[in-house]
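Start with the sequence and structure below.

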Amino acid sequence: MSTSTSARARRDSGAPATAATTVTPATTPRRERVFSGIKPSGTPTLGNYLGAIRHWVAEQDIYDNIYCVVDLHAITVPQDPAELRANTRQLAALLLACGIDPERSALFIQSHMPEHSELAWILNCVTPTGWLNRMTQFKAKAGADREAASAGLYAYPVLMAADILAYQTDAVPVGDDQRQHVELTRDIANAFNYRFGATFVEPRALIREVGARIMSLDDPAKKMSKSESEGSYISLLDPPDAIRKKIARATTDSQRTIVFDESRPGIYNLLTIYELLSGQSREAIEAEFASKGYKEFKAALGELVVTALTPVQARYAEITENPGQLDALLARGAARVRPLAQATLRTAKARVGLI
Ligand code: TYM
């Protein structure tokens, strides 16, 4: 969607045209707004970090940033209440430890903003079930016993659309597995705008070429995910020895050369992680390991991951020493962006005839 169309939808929605999270002088062009979310369903993985969080951190000066710990999405599958409570705060603290700067980005907990759920209901009522039936993540997560899956899991992408559309978001930085959900969000926005008049900006997904799909360490045909076995992923809070061990045991193949070859998914995945964390070119990495074996390469990669995560873990320990400060910061993040969500919700309700 062109900027002028976005600006029109924003103006029509009653949402402020200027950034809410950054003070932008009137003479400079408005920054594009990004929104993204992450589920507190366990400690985040290196996949979450490389596919999403790293970009959120690196691009805070480019965009008007809103980041959300999506606890309502987590409960679409069974969660232990005490664990969910702890994981939600742990994830918020980890995002800060990774470098999300509360001065430049609004960070908050999804359930603290009831506007998301209210907007989601309205969007549920304009979303054909046929669209939801096509969602591959629902099929994968529901598994064989689809009848037993919660209605929440089925409507999950509509809540995600509400998260995004509530803030008149321009772009959504995510890993590859969320592409279909962002496309659905565009379709829902478009359907609503067509039926009721311009209300929502149609957002685009921001997905990087490298690192958008980090694979499991023990089965490189699958995405790295915290819902799989312990040895398959690196958690951001794994101790150094666990990281080294998991990488040493990672599945590769019976060949010897250390080259970027997509037809060899195990070593390709490890090399991709090396590329992203070292910042070196593929040629330089291949040259460095030309006369070395998998064992030496894995040892070097282990050290690289440990070096990347050690400062994150140290900052995390500092942040969690002061839970009151974390709560206050999350409340401030929500307060900063609440007017945007309220304005969008008010317009959507008026358009539909609820007010
Ligand atoms: P979640 O919590 O599964 O993942 C958070 C982010 O991490 C990315 N990611 C990966 N990237 C590369 N390789 C991997 N192995 C990997 N695993 C996860 C995800 O693509 C995501 O960007 N539905 C979303 C949360 C959400 C959301 C939103 C996102 C709710 N509302 C609105 C964007 C906008 C999810 O479950 O992400």
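## The second largest pocket

By class, 6 nonpolar, 3 polar and 5 charged residues make up the lining of the second largest pocket. The model is a predicted one. That lining has 14 residues in total. Nearest the centre of the pocket lie Gly-211, Arg-213, Glu-262, Tyr-268 and Thr-272.

The volume of this second largest pocket is about 320 Å³. Which helix gives the most to its lining? Helix H11, residues 265-278, does, with 4 residues.

## The largest pocket

The largest pocket has a volume of about 1,100 Å³. Its lining counts 46 residues. Lys-39, Gln-137, Asp-177, Gln-178 and Lys-223 are the ones nearest its centre.

The lining of the largest pocket divides into 20 nonpolar, 17 polar and 9 charged residues. Five elements each supply at least two residues to it: E1, H2, helix H3 (71-74), helix H7 (136-142) and H8.

## Where the ligand sits

What takes up the space of the largest pocket? The ligand does. Strand E1 (33-38), helix H2 (46-58) and helix H8 (151-165) are the elements that give two or more residues to the shell around the ligand. E1, H2 and H8 also each supply at least two residues of the lining of the largest pocket.

The ligand is surrounded by 26 residues. The closest are Lys-39, Tyr-156, Asp-163, Asp-177 and Ile-214. Lys-39 and Asp-177 are also among the residues nearest the centre of the largest pocket. By class, the shell holds 12 nonpolar, 9 polar and 5 charged residues.

## Polar contacts and burial

Gly-47 takes part through its backbone instead. A backbone N or O atom of Gly-47 lies 3.2 Å from a ligand nitrogen atom. How much of the ligand does the protein bury? Taken alone, the ligand exposes 710 Å², and the protein buries 98% of that.

How values were computed:
Residues are numbered from 1 along each chain as its sequence is written. This is a predicted model: local features need pLDDT of at least 70, side-chain atom pairs count only at pLDDT 80 or more; totals for chains, interfaces and linings use all residues. Side-chain values use heavy atoms; hydrogens and water are left out. A residue is near a molecule or strand if one of its heavy atoms lies within 4 Å of it. A polar contact is a pair of N or O atoms within 3.5 Å; within protein, one must be able to donate a hydrogen and the other to accept it, and residues adjacent in sequence count only if both atoms are side-chain atoms. Accessible areas come from the Shrake-Rupley method with a 1.4 Å probe; for residues, only the protein chains shown count as cover. On a 1 Å grid over the protein atoms alone, a cavity is a set of points where a 1.4 Å probe fits but cannot get out, and a pocket is an open set with protein on both sides within 12 Å along at least five of seven lines; lining residues have an atom within 4 Å of a point. A molecule sits in a cavity or pocket if more than half of its atoms lie within 2 Å of its grid points. Ala, Val, Leu, Ile, Met, Phe, Trp, Tyr, Cys and Pro count as nonpolar, Asp, Glu, Lys and Arg as charged, and the others, Gly among them, as polar. Grid points are joined across faces, edges and corners, and a volume is the space filled by probe spheres set on the points.
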